[in-house]
Amino acid sequence: MFSHIVVGSNDLERSRRFYDATFGAAGAAPGTIDAKGRLVYSKDGARFLITKPIDGMAASHANGGTIGLKMESPEMVKAWHDAGVANGGKSIESPPGIRESAAGKLYLAYLRDPDGNKLCGRAVAS
């Protein structure tokens, strides 16, 4: 449903360590720097970019915003979460686990990246 997501960062190398680890745990290749100096991750036709804000102001997270990342299995979500915590992220909300929702049983895990952006790893639970 989306083509790309862009989040801001105040430290691209710190973000690279975090996202290389978390996206690597979810089966994506390490990020690359594009011609505009943005850190870019691509998988399954979608792109996730991290950049210093164009306006020159400090990057900050969106209060109430969440970026949901679809993954293949609960085990992949757990590995993604653990990689994030080990690389500067912060586990938030309930611990990773199964949640009942209108979409059925889902395995969810929530992290804040080093700049405070809220991420959710999601997989269908059996």
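Predicted model: local features only at pLDDT ≥ 70, side-chain atom pairs only at ≥ 80, totals over all residues.
User: What makes Y19 and F23 a tilted pair?

Analyst: Their ring centres are 5.2 Å apart, and rings pair if their centres lie within 6.5 Å. The planes of Y19 and F23 are at 40°. Stacked planes are under 30 degrees apart and edge-to-face planes over 60, so the Y19 and F23 pair is tilted.

User: Why is Y19 called buried?

Analyst: Buried means under 20% relative accessible area. Y19 has 0% relative accessibility, so Y19 counts as buried. F23 is buried because its relative accessible area is 8%.

User: How do you know that the pair of F23 and F48 is edge-to-face?

Analyst: Nice one to check! The centres of the F23 and F48 rings are 5.3 Å apart and their planes are at 80°. Edge-to-face needs planes over 60 degrees apart, so F23 and F48 form an edge-to-face pair. This pair links distant parts of the chain, with F23 in helix α1 and F48 in strand β4 (residues 46-51), 25 residues apart.

User: Which residues form one aromatic cluster?

Analyst: F18, Y19, F23, Y41 and F48 form one.

Notes. Residues numbered from 1 in each chain as written. Heavy atoms only, no water. Phe/Tyr/Trp six-rings, centres within 6.5 Å; stacked < 30°, edge-to-face > 60°. Buried < 20%, exposed > 50% of the residue type's maximum accessible area, 1.4 Å probe, protein only. Helix = DSSP H or I, 4+ residues; strand = E, 2+ residues; numbered from the N terminus.
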